[in-house]
Amino acid sequence: MLATRSLLKTVSQNPVVFRNAMATPLMGVRHFNASNKAQEQCAAAESELLRQQRKLRPVSPHLTIYQPQITWYLSGAHRVTGAAIGGAFYLSALAYVAAPAAGIAVDTASIINAVAAAPLAVKVVAKTTVAFPFVFHCLNGIRHLVWDAGKFLDIKDVYKTGYVVLGSSVLGSLYLAAM
């Protein structure tokens, strides 16, 4: 309906552009045929109008004028951890498939021997590095599911659940790293 009003307004304001309009509707739709010269004039006028409007538009503010909030950081971290976990799974699967072609033995025994030979600090750092994004993404996903159920949507509850997710992620990843 809005498109029809817009079209009728354009036709009433520029009757010369649409002088070759077809009067017979085809399947309930009227088609207007404008000459090439009229189309070029209309496009040039529209382009000039848009340029003039852009000069008067205010510049949109950048993120630097806003105060950072935990909701921003958790939203970004949720997306980054999801992409990182997915990418890590794909890369590890491709490495597992491609390793025999490169002459690298990848079987359970060789992986266990490599991990057992690593120092304890390296094991803890590696497990924490793998565990934190996984735990955070899982807990924040549960938080989003709770929101989908219509719970904890007040701003105070959003902040509380955000801090709960952060604290639980740290504790959960430390627990998994200690295993």
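Asn140 is found in helix α5, which covers residues 120-148; helices are DSSP runs of H or I with at least four residues, numbered from the N terminus. The model is a predicted one, in which local features need pLDDT of at least 70 and side-chain atom pairs count only at pLDDT 80 or more, while totals for chains, interfaces and linings use all residues. Residues are numbered from 1 along each chain as its sequence is written, and side-chain values use heavy atoms, with hydrogens and water left out.

With a relative accessibility of 1%, Asn140 counts as buried, a term that means under 20% relative accessible area, whereas exposed means over 50% and partly exposed lies in between (1.4 Å probe, protein chains only). When its neighbours within four places in sequence are left aside, Asn140 is in contact with Leu74, His78 and Val165, contact meaning heavy atoms within 4.5 Å. Ala131, Val135, Phe136 and Arg143 are also buried in α5, and what covers the buried residues of this helix includes α3 (70-98) and α6 (155-178). Helix α5 bends by about 25° at Ala131, with a proline, Pro133, following within four residues; the bend is the angle between axes fitted to the seven residues ending at a residue and the seven starting there.

The structure also holds one salt bridge, defined as a side-chain nitrogen of Lys or Arg within 4 Å of a carboxyl oxygen of Asp or Glu. This salt bridge joins Glu48 and Arg51, whose closest N and O atoms are 3.0 Å apart. Because Glu48 and Arg51 are three residues apart in helix α2 (residues 36-56), they are separated by about one helical turn.

Note on methods. Helix = DSSP H or I, 4+ residues; strand = E, 2+ residues; numbered from the N terminus.
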